[in-house]
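This briefing covers a sheet and some of the helices that go with it. Look through the sequence and the structure, then read the points below.

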Amino acid sequence: MNVHLVDGTYELFRQHFGQVARHGSAGQYDAAVGVVASTLQLISNGATHVGVASDHVIESFRNDLYAGYKSSAGMDEVLLTQIPIMEEALVACGFTTWAMVEWEADDALAAAAAVAAADSRVEQVLIVTPDKDLGQCVRGTRVVQYDRRKDEIVDEAAVTLKFGVGPESIADYLALVGDSADGYPGLPGWGAKSASTVLAKFGSIESIPPSSGEWGLPGLRGAEKLARTLQDHMADALLFKVIATTALDVPVGVVDDWRWQGPTAAFGAMAARLGAPDLADRAQRVWERVQARG
């Protein structure tokens, strides 16, 4: 079996801004409807075990660690108000849904990927998001990311090609270069090339020697300054690494819990509330096809 783990927050944004780009605006619940429809499409395409993670609130434990971390301040109210609606609709449609409050959606996805990878029955785990943070969860060709917009599979070789380091060093890489989307700046002077070059050799921030003379990287420009900056800002680097590292202690259940068993009896009313009554008919048709497949 394959397991599909969907970044619901990303999907909500993708649906919303895609609709705005196509039509110039989006309705009150259009993005939430789009997420449910796209998740049903996964089932139509053969998915059986699906979990959807969402940021029920944007803030998480990381906001307590770093004041500048991303928050809901300034976010589009249309999107914010649709998050709980999307979650309710997914549950009514029968999908396992992890609505995160203390943790983030990324943490639930990472935890679920670890659970699925430990299950010998699972042939492949597809983390349905292009989010670079989830690159740290990729393992060979068995645990991969799936970018639905590009219809592209990102395996371990692809992660290494893109970032210059393997999945095990992605959190270190992000700590050094920063992540503007998540609100932490990285270290002054450290960019993608310097971070990937140094981490490709040493693997982690903690393993980088304090003196650039010990790096053995004569072609790296500004190595001495980079080393000095790292030592001067080591506390920040390690904090940013904690922030960038996905938590694996989120309670997500086991793989068998995630098998889609069709829409619940409440989904018809939910679809009507969303202004998309035909979505209930679609869900029922998909369920009938699933049953026919056995």
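This is a predicted model: local features need pLDDT of at least 70, side-chain atom pairs count only at pLDDT 80 or more; totals for chains, interfaces and linings use all residues.

Two strands pair if DSSP finds at least two bridges between them.

- Six strands form an open sheet in the order β3-β2-β1-β4-β5-β6, and their pairing is mixed.
- The edge positions are taken by β3 (96–100) and β6 (152–154). Each has a single partner strand, so one side of each is left without a neighbour in the sheet.
- From one strand to the next, the twist averages 25°.

**Strand β4 and its neighbours**

- Strand β4 covers residues 124–128, and four of its five residues are buried, so the strand is largely enclosed by the rest of the structure.
- Strand β1 (residues 2–7) runs parallel to β4, and five bridges join the two.
- Strand β5 (residues 143–147) also runs parallel to β4, to which three bridges join it.
- Leu126 has Val144 of β5 as its bridge partner, while Ile127 is bridged to Gln145 of β5.
- In a regular strand the side chains alternate between the two faces of the sheet.

**A helix on the sheet**

- Helix α4 (residues 77–92) lies across β2 (49–55) and β3.
- The direction of α4 is at about 160° to β2.

**Two helices in contact**

- How do the axes of helix α2 and helix α12 cross, and at roughly what angle? The axes of α2 (residues 30–44) and α12 (residues 278–293) come within 10 Å and cross at roughly 15°.
- Angles under 35 degrees count as roughly parallel, so α2 is roughly parallel to α12.
- The crossing of these two helices, α2 and α12, is left-handed.
- On the α2 side, the contact is made by Val33, Val36, Ala37, Leu40, Gln41, Ile43 and Ser44. On the α12 side, Leu279, Arg282, Ala283, Val286, Arg289, Val290 and Arg293 take part.
- Sorted by type, the residues of the contact of α2 with α12 are nine nonpolar, two polar and three charged.

Technical notes:
Residues are numbered from 1 along each chain as its sequence is written. Side-chain values use heavy atoms; hydrogens and water are left out. Axes are lines fitted to C-alpha atoms, for helices over the stretch in contact, and angles run from 0 to 180 degrees between N-to-C directions. Angles under 35 degrees count as roughly parallel, over 145 as roughly antiparallel, 65 to 115 as roughly perpendicular and the rest as oblique. A crossing is left-handed if the near helix is turned anticlockwise from the far one by less than a right angle, and right-handed if clockwise. Contact means heavy atoms within 4.5 Å. Ala, Val, Leu, Ile, Met, Phe, Trp, Tyr, Cys and Pro count as nonpolar, Asp, Glu, Lys and Arg as charged, and the others, Gly among them, as polar. Buried means under 20% relative accessible area, exposed over 50%, partly exposed in between (1.4 Å probe, protein chains only).
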